[in-house]
Amino acid sequence: MAAEMNVAILGAGSVGCFVGGAWAAAGVAVRFVGRPRIAEEVAAEGLTLTDFSGWQARLAPDAVDFGTRPAALAGADLIVLAVKSHGTAEAAKEIARHARKGALVLSLQNGVSNVETLRAALKDRFEVIQGIVPFNVAHLGHGRFHKGVAGDLIVQEHAATRALAAAVARAPEGAPARLRLADDMPAVAWGKLLINLNNAVNALSGRSLLEQLKQRDYRRVVAASIVEALDVLAAAGIAPAQIGPIPPKLLPHAIAAPNLVFNNLFLKVQKIDAKARSSMADDIRAGRPTEIDFLNGEVVRLAQRLKRKAPVNAAIVDLVKQAELGIEHLWSPEDLRAHVLQGHKVAPVFGY
């Protein structure tokens, strides 16, 4: 089934190029739809994919089917959506306009609300399923995309995803984009969002992920945002799934731990290399809108629906919004902790 499946990556940026490229290297028929800038780069350089372990795969320019027009979706059996969350509604219009009825749509996007947006827009013409990307991909230029954090894709159990997972697993070239299948994807998406709460702090730090995470005051801000999110989720009756080696309830304690503990425990089990950075940092640097409304902003909105407050996450949203407007956004660890956590009371955290 996977050998006959035509896959289209809509929104082929860093994540889309890496995931689709690894699948293509594993023998899956993949077509990419992305921006002209990346299309020109790939046409000249091809795709070179690397990861933190030293794995590498390369696709020559003539081996990459990369277009810029959504009409390329017409023959796809599986459409993998990798656009930023604020582009979901527009992407749904393009899918409805160009894709064949009955195609499967897989959202590989940050946040928890994109699937609902897609289902509302596409109605019964398309089946929509959810997935998450638990790792970061850096675009290094010249057609090079680097996976800097360990992890496998987690996608909803479905006949098509079972076949795709098997095909990718059979080929070593696809190893860094393997699929793990799950049933309770809303819980998985919330578990991923808890980890993504670090994205904003990384963007505000102006540092690589590894450099930022080695600073305890940055981690204290992240830990406080996670504690606040867990409190809101508990009030809403939502139990986030475990993503990675640490359960959600222990995650803030691990993150806020003293440097000696954090560096020798957390960074030993969660592989992060020096090239890794958050996509939000890239967006701010490039002057693009960020996904802050779909990350920390989701926590704030859920709290509001419950008639509660989420002051830590709200403060982070405000700072990122200012950075989007070009206001100074590089914060030292001490200044960020003092600004975001000033007077806010959160549940006790080890080392908070």
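**Starting from helix H1**

Tutor: Helix H1 (residues 14–25) lies across strand S1 (6–10), strand S2 (29–33), S5, S6, strand S11 (153–156) and S12, and runs at about 160° to S2. Helices (H or I, at least four residues) and strands (E, at least two) are DSSP runs, numbered from the N terminus. Axes are lines fitted to C-alpha atoms, for helices over the stretch in contact, with angles from 0 to 180 degrees between N-to-C directions. This is a predicted model, in which local features need pLDDT of at least 70 and side-chain atom pairs count only at pLDDT 80 or more, while totals for chains, interfaces and linings use all residues. Residues are numbered from 1 along each chain as its sequence is written, and side-chain values use heavy atoms, leaving out hydrogens and water.

Leaving aside residues up to four places away in sequence, Val15 touches Val133 and Val137 (contact means heavy atoms within 4.5 Å).

Residue 137 takes us to strand S9 (residues 137–141), a mostly covered strand with 4 of its 5 residues buried. S9 pairs with strand S10 (residues 144–147) in the antiparallel sense, over 4 bridges (two strands pair if DSSP finds at least two bridges between them). Gly141 has Arg144 in S10 as its bridge partner. Together S9 and S10 make a hairpin with 2 residues between them, and His142 in the turn has a positive phi of about 55°.

In it, 8 strands form an open sheet in the order S5-S2-S1-S6-S7-S8-S11-S12, with mixed pairing. At its edges are strand S5 (65–67) and strand S12 (179–182), each pairing on one side only. From one strand to the next, the twist averages 25°. Further along the order, strand S6 (residues 78–81) and strand S7 (residues 104–107) pair in the parallel sense over 4 bridges, and Leu78 stands opposite Leu104 in S7.

For a step to another region, go back to Val15. Val15 and Glu228 are 213 residues apart in sequence and 28 Å apart in space, C-alpha to C-alpha. Glu228 belongs to H8, where Val221, Ala224, Ser225, Glu228 and Ala229 meet Pro311, Val312, Asn313 and Ile316 in H13. By class, the residues of this contact divide into 6 nonpolar, 2 polar and 1 charged (Ala, Val, Leu, Ile, Met, Phe, Trp, Tyr, Cys and Pro count as nonpolar, Asp, Glu, Lys and Arg as charged, and the others, Gly among them, as polar). The axes of H8 and H13 come within 8 Å and cross at roughly 125°, and the two helices are therefore oblique to each other (under 35 degrees counts as roughly parallel, over 145 as roughly antiparallel, 65 to 115 as roughly perpendicular and the rest as oblique).

The axes of helix H13 (residues 311–324) and helix H14 (residues 333–340) come within 9 Å and cross at roughly 125°, so H13 and H14 are oblique to each other. Their contact is made by Val312, Ala315, Ile316 and Leu319 of H13 with Leu336, His339 and Val340 of H14. It has 6 nonpolar, 1 polar and no charged residues.

Helix H12 (residues 296–305) belongs in this picture too, being mostly covered, with 7 of its 10 residues buried. Those buried residues pack against helix H6 (185–205), H8 and H13; among them are Val299, Val300 and Leu302. Just after H12, Lys307 takes a positive phi of about 60°.

Finally, step back to the whole chain. The protein has 14 helices and 12 strands. Of its 352 residues, 56% are buried. Among contacts between residues at least 6 apart in sequence, 72% join residues at least 24 apart. Along its principal axes, the C-alpha trace spans about 55 × 40 × 40 Å.

Definitions and conventions
Buried means under 20% relative accessible area, exposed over 50%, partly exposed in between (1.4 Å probe, protein chains only).
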